[in-house]
Amino acid sequence: AQMQILGRLSWVALTLMASVDTGCYAFSPVVIPSFGLRATSQISCKGLRVGQVATRPGVMGLKSVLGEASHAPMAMNWEDLGSKPWGSIETDNMYVSECSANGQWTYGQIKPYGNLEVSPRAGVLNYGQGIFEGMKAQRTADGRIVLFRPDRNARRVGYGCTRNCMPPVPAEIFVQAVKDTVLANAKWVPPYGKGSLYIRPIVIGTGPILGLAPAPSYTFAVYVSPVGSYFKGSQMTPIKLKIEDQFSRAAPGGTGGTKSIGNYAGSLLPQVNAKKAGFDNVLYLDSHESKYLEEVGTSNVFLVKGQRIYTPPLVGGGEPSDTILEGVTRESVIQVARDAGYEVVEERIPYGALWDADEAFTVGTAVVVSPIGSVTHKGEVKKWEFAGGAGPATAKIYDTLTGIQSGRLPDPYGWTVYLD
């Protein structure tokens, strides 16, 4: 009975959230008399000034409405998580808001997880107008929920929207949406050491447009899924990469420096071909000379030689010349490595340097830090073999970074954001 009352209160409270009536609409769960059934409706906010945000419960308010019991990681048998395909588990709730091309984003709503209805003429379906992000929430040893550097993902979404001719989602709205979505799915955050809750924000052109032009309206949504290790085996299981010599991931002047959805559709064929040949993924070279390392399809790449760690350079901020994604994990690894006594060198790296490297690893939100066990280029193979799977530099960086992310180690950088 107590949980039913809490449930009713949570959804009644959420219906109080609203948005500005200037072409931007927020979706709100509406309580139907039969407890537990919910529908969605649009809330009009006539009377609010343009740019004014309607009253809504913040993180602490949402937490108190949901109740402490709903924060316990009781959604599933966590021993089964590793047997599920990565990212395949659907959770209870999602966040959705909409905005017209000339309007302003406002706070959206938490609603039951489900399909998004769009026109066949939606800009995202016809012209690929959209971006996405990747983040994680983790649970600490004492059961608290923590995010890692959400402000950096918010920044990347901002310039990604601009590059794709979409209204940028304000950083404060983006971060709040992520927090609210995680708290609304708190029971799906795995226990400490059992995995993490992957967070997928998307901004897509959902308005109908058949002619080649920006969509007339946009949707910002956030959904989540509990995940284990991205690659088969444990997190420290070395991966096998193929150096791709036929396909390119990005070219200068394109969208390679953003998380535009079109970047990833083109990477599927070489990835599928590589997996059929027994590799875990591909390592891309530059599109001009096919000589210099760029990135793996899902992560940035690092090489270790003595006390130096090398990684390909980038400008960042959506710079058109960038062909490498400005990874949040990449940026964090560079800082952690420097503070561990390594000299980090950002420069163009010919693929032949892999054969002289002491270690190599990839980094990204999904893969975290993953040791490379071998690379293959036109039949020539370079292997690294270490007890435990990772070399000393890779293991040190992995241990430090994951320790900060999970609250196991102190955070001297202010990167972690606790939700409860």
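Rings of Phe, Tyr and Trp count as a pair if their centres lie within 6.5 Å. By that rule, this predicted model holds ten aromatic pairs.

**View 1. Phe132 and Tyr264 form an edge-to-face aromatic pair.** Phe132 belongs to strand E5 (residues 130–132) and Tyr264 to helix H6 (residues 262–265), so the contact ties together parts 132 residues apart in sequence. Phe132 and Tyr264 are buried.

**View 2. Phe148 and Trp415 form another edge-to-face pair.** Here the distance is 5.6 Å centre to centre, with 85° between the planes. Phe148 sits in strand E7, while Trp415 lies in the loop between helix H9 (392–405) and strand E19 (416–418).

**View 3. Ring pairs link four aromatic residues into a cluster.** The members are Tyr95, Trp105, Phe174 and Phe220.

**View 4. Strand E6 (residues 135–139) is mostly covered.** Five of its five residues are buried. In a regular strand, side chains alternate between the two faces of the sheet. Met135, Ala137 and Arg139 point one way from E6. Lys136 and Gln138 point the other way.

**View 5. Strand E6 pairs with strands E8 and E7.** E6 and E8 (residues 196–205) are antiparallel, with three bridges. Met135 stands opposite Ile199 of E8. Three bridges also join E6 to E7 (residues 145–148), again antiparallel. In that pairing, Gln138 has Val146 as its bridge partner. E6 and E7 make a hairpin with five residues between them. Gly143, in the turn, has a positive phi of about 90°.

**View 6. The largest cavity has a volume of about 150 Å³.** Of its 14 lining residues, Lys136, Phe148, Thr329, Thr365 and Gln405 are the closest to the centre. E6, E7 and helix H8 (328–339) each supply at least two lining residues. The lining divides into six nonpolar, seven polar and one charged residue. The model has three cavities of 30 Å³ or more.

**View 7. Helix H4 (residues 150–163) spans 20 Å from its first C-alpha to its last.** The helix has 14 residues, and its span is close to the 20 Å expected at 1.5 Å a residue. Its buried residues include Pro150, Asn153, Arg156, Tyr159 and Cys161. Gly158 and Gly160 of H4 are buried too. Just after H4, Cys165 takes a positive phi of about 60°.

Methods:
Residues numbered from 1 in each chain as written. Predicted model: local features only at pLDDT ≥ 70, side-chain atom pairs only at ≥ 80, totals over all residues. Heavy atoms only, no water. Buried < 20%, exposed > 50% of the residue type's maximum accessible area, 1.4 Å probe, protein only. Helix = DSSP H or I, 4+ residues; strand = E, 2+ residues; numbered from the N terminus. Pairing = 2+ DSSP bridges. 1 Å grid on protein atoms, 1.4 Å probe; cavity = no way out; pocket = protein on both sides within 12 Å on 5 of 7 lines; lining within 4 Å. Points joined across faces, edges and corners; volume = space filled by probe spheres on them. Nonpolar A, V, L, I, M, F, W, Y, C, P; charged D, E, K, R; others polar. Expected span 1.5 Å × (residues − 1). Phe/Tyr/Trp six-rings, centres within 6.5 Å; stacked < 30°, edge-to-face > 60°.
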